[in-house]
Amino acid sequence: MRALVVLPTFNEATNIDEVLRRIRAAVPLAEVLVVDDGSPDGTADMAESLGRELGAITVLRRAQKAGLGSAYRAGFTDGLARGFDVLVEMDADLSHDPAALPALLAAVEHGADLAIGSRYVPGGSIPHWSWHRRALSRWGNRYAAGVLGLAINDSTSGFRAYRSDALRRFDLSTVRAEGYGFQIEMAYRVVRNDGRVVEVPIAFVDRVRGTSKMSGAIVAEALGLVTVWAVRDRVLRRRG
Ligand SMILES: Nc1nc2c(ncn2[C@@H]2O[C@H](COP(=O)(O)OP(=O)(O)O)[C@@H](O)[C@H]2O)c(=O)[nH]1
Ligand SMILES: [Mg+2]
């Protein structure tokens with residue numbers, strides 16, 4: 001299966017070299033699409049020059065920072081148009097170990113429509129997190145799964161592989177969320193279109209270099225949207 005790894009970047013100049021080399025080493029046949037939102041630190045130029053050295057790396061340059069969800073929507077639209085069979089989501093900050101890519105791709109090859117790199121299945125872990133960060137993430141996940149009726153332990157994980165045909169069953173441009181909400185919304189759409197989700201254990205490590213772009217507002221967006229979807233879909237079901 002032809003796979004495209006979509007890598008959104010904003011100011012990842014300290015990580016882009018290592019992450020691209022490790023992706024190439026882990027999955028030599030996969031192509032990479034870096035979606036950069038005008039990083040002032042020159043990430044896009046570095047990615048392009050690495051592309052000339054390593055091959056099969058393209059850079060989608062967007063004018064300004066427009067959010068993670070919007071970067072993935074643009075990257076997936078491009079990957080679907082170019083006919084890739086599998087589209088991969090991963091962070092560029094090395095929190096997601098490229099060595100886990102073969103297991104995610106194998107899960108899709110064996111029939112999953114969405115393979116999620118999961119921290120909350122046996123074998124998964126988050127070695128560096130404090131108990132309160134862990135609790136927020138764990139209970140956020142339980143809340144989303146509970147109200148949306150999703151049998152997924154880690155629907156906020158951003159390390160995952162989609163079968164392209166599963167994404168063709170709905171209109172990507174109608175997916176609205178940006179941060180963790182985007183991950184939940186995409187999983188929810190796949191499930192509601194009869195897609196099969198498989199969770200593959202991963203260890204999620206904190207970034208060592210560069211800074212996080214996530215914020216409390218993004219957590220609030222996710223919780224708010226999950227509640228809105230749950231209420232909306234309950235009302236729609238009741239109306240038949
Ligand atoms: N293109 C693009 N990439 C982004 C944006 N926000 C975050 N990213 C990238 O998305 C990935 C995850 O972001 P990060 O800040 O590490 O989030 P965290 O892991 O939840 O703290 C990283 O590769 C970021 O560079 C954005 O607005 N546009
Ligand atoms: Mg990160």
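D113 and R163 pair up in a salt bridge, with their closest N and O atoms 3.3 Å apart. That pair links distant parts of the chain: D113 sits in the loop between α4 (101-109) and β5, R163 belongs to strand β6 (residues 160-163), and 50 residues separate the two. Keep in mind that we're looking at a predicted model here.

How hidden are these two partners? D113 has a relative accessibility of 8%, so it counts as buried. R163 comes out at 18%, and because buried means under 20%, R163 counts as buried too.

| Salt bridge | Closest N to O distance |
|---|---|
| D113 and R163 | 3.3 Å |
| R192 and D233 | 2.6 Å |

Now for R192 and D233, which form a salt bridge with the closest N and O atoms 2.6 Å apart. Here the link runs between helices: R192 is in helix α7 (residues 180-192) and D233 is in helix α8, 41 residues apart. R192 is partly exposed, at 49% relative accessible area, whereas D233 is buried, at 4%. There's also a network to look for: salt bridges that share partners join E12, D93, R207 and K213.

**A look around S118**

Let's move on to strand β5 (residues 114-118), where you'll find S118. Is S118 buried or exposed? With 0% relative accessibility, S118 counts as buried.

Which residues does S118 touch, if you leave aside its neighbours within four places in sequence? The contacts are G124, N153, D154, E199, V200, P201 and I202. With one of these, E199, S118 also makes a polar contact, side chain to side chain, at 2.9 Å. I202 is worth a look as well: its C-alpha atom is separated from that of S118 by 5.5 Å, although the two residues are 84 apart along the chain.

Definitions and conventions. Residues are numbered from 1 along each chain as its sequence is written. Chains are lettered from A and ligands numbered from 1 in the order in which they are written. This is a predicted model: local features need pLDDT of at least 70, side-chain atom pairs count only at pLDDT 80 or more; totals for chains, interfaces and linings use all residues. Side-chain values use heavy atoms; hydrogens and water are left out. Helices (H or I, at least four residues) and strands (E, at least two) are DSSP runs, numbered from the N terminus. Buried means under 20% relative accessible area, exposed over 50%, partly exposed in between (1.4 Å probe, protein chains only). Contact means heavy atoms within 4.5 Å. A polar contact is a pair of N or O atoms within 3.5 Å; within protein, one must be able to donate a hydrogen and the other to accept it, and residues adjacent in sequence count only if both atoms are side-chain atoms. A salt bridge is a side-chain nitrogen of Lys or Arg within 4 Å of a carboxyl oxygen of Asp or Glu.
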